[in-house]
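Please read this report with the sequence and the model side by side, and look up each residue as it comes up.

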Amino acid sequence: MKTQVLIVGAGPSGLLLGQLLHNAGISNIILERQTPDYVLSRIRAGILESSTVELLREAGAHQRMDAEGLVHDGVEFLVEGRRIPVPLKALSGGKSVMVYGQTEVTRDLMQARSEAGAPTFYNVSDVALHNLKSDKPYVTFSKDGEPCRIDCDYIAGCDGFHGVSRKAIPTDVLREYECVYPFGWLGLLADTPPIHHELIYAHHDRGFVLCSQRSLTRSRYYLQVPLTDKAEAWSDDRFWDELKRRLPQDLAGKLVTGPSLEKSIAPLRSFVVEPMQYGSLFLVGDAAHIVPPTGAKGLNLAASDVNYLYRILCGVYHQGRRDLLACYSQLALRRVWKGERFSWFMTRLLHDFQEQSGFDRRMQQAERDYFLGSQAGLTTIAENYVGLPFEAVR
């Protein structure tokens, strides 16, 4: 087989890149080691920046998002019993975010790709990348027990943190940057109405809380827990009781509880590799960077990578601008590091760090007092939360 762009990974970043390239007349094939049902079973983030929303519209995978997604013009912080609204739209020059689950984004992109007739091979194994430093790279894999090969011009590694793409780059080429946090998030998904019409980020001495939502009838709540905790040890009743303990009485009294649809603990880490390209291979999304979910940047940074790689490849194929290829890593990483900084900032601002010194604890409190108590601080949070604009590809 032969294609122009081979995409490894059929998560939202791989599917979004594939759809954009297909619409631009650039042939592509997607390989995915899991089944479609498994891909759709992943419970992930649900906050879309305005730039991500526009990119999904450009890909033609926006109809259900526009009909069912919830536009949010603000968020709320809860610190020391005080409720502090952050009017995102007013402070960011008119930008908002949209609540629309990553699972739904993936479903929409799968449907769009199926309707377009673009090829995706699921349930493949033994994926290996070859000749990455030449102008004739290729990928080998097994499908239904049969060995296969696809020749291509470029490879997009959209296969996540544990995928094969990043591992195909020599270790002496990559630089890794990492921060592992000493706690995790216990998340619970339930078919219950949200506790509040806006998302609530709460700091509490017992640990951080996020009150989020997927729709007007489906809620997602998170509790900061030790890394040693196991999700199985948290019954639904225990989760709801702990959530109420970390909320003020007026909010706790409005909480509607119910059986969990999903419950899991996610460790928090910041991780970036540089560069994000090696010869004909381009890393996209979690294959190159991980952020703690506090800043709602994971899916949005992946969409940012997709935006830059898509526009670069359009320049290559439509204008003969092969010089643009060398720009990808620099463009992507500038936005990645800004997203990493905001996620790191939000994590440090709102979580309880048991081992920190008294000085660090007071500095954390001073940070909250400033950023949540001044117009300049709230504006900084709002501008970063709704997302910084994409740079032009020139």
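Rings of Phe, Tyr and Trp (for Trp, its six-membered ring) are said to pair if their centres lie within 6.5 Å, and a pair counts as stacked with planes under 30 degrees apart, as edge-to-face over 60 degrees, and as tilted for the rest. By this rule the count comes to 19 aromatic pairs. One of these pairs is Phe161 with Phe271, whose ring centres are 5.1 Å apart and whose planes stand at 85 degrees, so the pair is edge-to-face. This pair links distant parts of the chain, since Phe161 is in the loop between strand 12 (154-157) and strand 13 (175-190), while Phe271 is in strand 17 (residues 260-274), 110 residues apart.

Some ground rules belong here. This is a predicted model, in which local features need pLDDT of at least 70 and side-chain atom pairs count only at pLDDT 80 or more, while totals for chains, interfaces and linings use all residues. Residues are numbered from 1 along each chain as its sequence is written, and side-chain values use heavy atoms, with hydrogens and water left out. Helices (H or I, at least four residues) and strands (E, at least two) are DSSP runs, numbered from the N terminus.

Further aromatic residues come together in one cluster, formed by Phe77, Trp185, Tyr201, Phe208, Tyr222 and Tyr385. A charge is said to sit over a ring if NZ of Lys or CZ of Arg is within 6 Å of the ring centre and within 35 degrees of the ring normal. Arg238 lies in this way over the face of Trp234, at 3.7 Å from the ring centre, and the charged end of Arg348 sits over the ring of Phe353, 4.1 Å from its centre.

The next term is burial: a residue is buried under 20% relative accessible area, exposed over 50%, and partly exposed in between (1.4 Å probe, protein chains only). The table applies this rule to several residues.

| Residue | Relative accessible area | Class |
|---|---|---|
| Phe161 | 18% | buried |
| Phe271 | 2% | buried |
| His196 | 17% | buried |
| Gln364 | 7% | buried |
| Leu372 | 6% | buried |
| Cys148 | 22% | partly exposed |
| Cys327 | 24% | partly exposed |
| Asp151 | 24% | partly exposed |

A nonpolar core is a set of buried Ala, Val, Leu, Ile, Met, Phe, Trp, Tyr and Cys residues joined through side-chain atoms within 4.5 Å. The largest such core has 75 residues, and those with the most contacts inside it are Leu6, Leu16, Leu17, Leu48, Ile155 and Tyr328. Helix 9 (residues 298-319) gives the most to this core, with 10 residues. A second, separate core of 34 residues includes Tyr181, Leu268, Ala296 and Leu378.

Contact here means heavy atoms within 4.5 Å. Which residues does Leu372 touch, not counting residues up to four places away in sequence? They are Phe77, Val79, Ile84, Leu378 and Ile381. Leu372 has its place in the loop between helix 11 and helix 12, and its C-alpha atom is separated by 8.5 Å from that of Val86, although the two are 286 residues apart along the chain.

The buried residues of helix 12 are Gly377, Leu378, Thr379, Ile381, Ala382, Asn384, Tyr385 and Val386. Just after helix 12, Gly387 takes a positive phi of about 105 degrees.

In helix 11 (residues 358-371) is found Gln364, which, leaving aside its neighbours within four places in sequence, is in contact with residues including Arg348 and Phe353. His196, in the loop between strand 13 and strand 14 (200-203), touches Glu76, Arg83 and Gln213, again not counting residues up to four places away.

The cysteines come last. With a disulfide taken as a pair of cysteine sulfur atoms within 2.5 Å, a search of the whole structure finds zero disulfides. For Cys148 the nearest cysteine sulfur, that of Cys152, is 14 Å away, and for Cys327 the nearest, that of Cys314, is 15 Å away.
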